[in-house]
Amino acid sequence: MRDRLPLIAGNWKMHKTPAEAREWCVGFRARLPEVPAGVEVVVCPPFTALEPVSGALQGHGAWVAAQTVSDQPSGPHTGEVSASMVFSCGARGTLLGHSERRAMGETDAMVAARVRVALASGLRTIICIGESLAQREAGVTVEVLAAQLASALAAVDPGEIDRVVVAYEPIWAIGTGRTATPDMAQEAIAGVRAAAANRLDANLLRILYGGSVTPATARELMAAPDIDGALVGGASLDPESFARIVEAAA
Ligand code: PEP
């Protein structure tokens, strides 16, 4: 019997102005007046909407996270945003190592440095890992995931496990409409959990699935014993779809 609290995270990517973000919050609160018992909910807007979304979700129960943070605490880093800055805008966590950022050149070492700074700044972290289609077809999925995980978890003190979540997101499933089957996701996530046991108490570690999750697929995915929730991109942009995914996890 799993006793890890399911987490549903919505990654808005580069969508929604502050006004559109506030409108989303009004719609989400109307649809789901409070976070149901038995699930945790986090919304990850762009930096520019962190403060409006934090304000608009006050008292609702969902918390807010950034989509990344700098690997530096402060200084001459034009265009970067620090962990303490997002904290001051109401974020209590951050995504890190999303494949769309890795595709722009973010390395495992850079992800690990961001993990360290984020945790030191009091943020929770949702660390994204995932294999490409070519890697899956070459049969190296387990090795790829284990290497990404080992690098990121080396930046985590085992005592910080309650502020760390891992999101398994096969790159070929992100934004493609091609969801991994529950069996595929379960198999990969069970492997990730086994690999995490080298570093911390893996039974306490929440591991999400991400990649084209919709209200139609969420319940079946989350019924798998090792899948502790979902990181949702496209379907989180619509409050109705996101609310239905939250309800599927509760
Ligand atoms: C994501 O951005 O993390 C994601 C999983 O996107 P989508 O749900 O649109 O595939």
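Which residue has a backbone N or O atom 2.7 Å from an oxygen atom of the ligand? Ser212 does. Bear in mind that this is a predicted model; here are my notes.

1. The side chain of Lys13 puts an N or O atom 2.8 Å from an oxygen atom of the ligand. His98 has a side-chain N or O atom 2.9 Å from a ligand oxygen. So much for the pairs; on its own the ligand has 290 Å² of accessible area, and the protein covers 95% of that.

2. Now the shell as a whole. There are 14 residues around the ligand, and the closest are Lys13, Glu169, Gly175, Ser212 and Gly234. By residue class, the shell splits into eight polar, four nonpolar and two charged.

3. Have a look at the backbone of Lys13. Its phi is positive, about 55°, although Lys13 is not a glycine. Lys13 sits in the loop that runs between strand E1 (7–11) and helix H1 (18–31), and it is one of the closest residues to the ligand.

4. You'll find Ser212 in the loop between strand E7 (206–210) and helix H9 (215–222).

5. Helix H5 (residues 108–120) packs with helix H7 (residues 141–153) at an angle of about 35°, and their axes are 8 Å apart. The H5 and H7 crossing is right-handed. On the H5 side the contact is made by Asp108, Ala109, Ala112 and Val115, and on the H7 side by Ala147, Gln148, Ser151 and Ala152. Five of these contact residues are nonpolar, two polar and one charged.

How values were computed: Residues are numbered from 1 along each chain as its sequence is written. This is a predicted model: local features need pLDDT of at least 70, side-chain atom pairs count only at pLDDT 80 or more; totals for chains, interfaces and linings use all residues. Side-chain values use heavy atoms; hydrogens and water are left out. Axes are lines fitted to C-alpha atoms, for helices over the stretch in contact, and angles run from 0 to 180 degrees between N-to-C directions. Helices (H or I, at least four residues) and strands (E, at least two) are DSSP runs, numbered from the N terminus. A crossing is left-handed if the near helix is turned anticlockwise from the far one by less than a right angle, and right-handed if clockwise. Contact means heavy atoms within 4.5 Å. Ala, Val, Leu, Ile, Met, Phe, Trp, Tyr, Cys and Pro count as nonpolar, Asp, Glu, Lys and Arg as charged, and the others, Gly among them, as polar. A residue is near a molecule or strand if one of its heavy atoms lies within 4 Å of it. A polar contact is a pair of N or O atoms within 3.5 Å; within protein, one must be able to donate a hydrogen and the other to accept it, and residues adjacent in sequence count only if both atoms are side-chain atoms. Accessible areas come from the Shrake-Rupley method with a 1.4 Å probe; for residues, only the protein chains shown count as cover.
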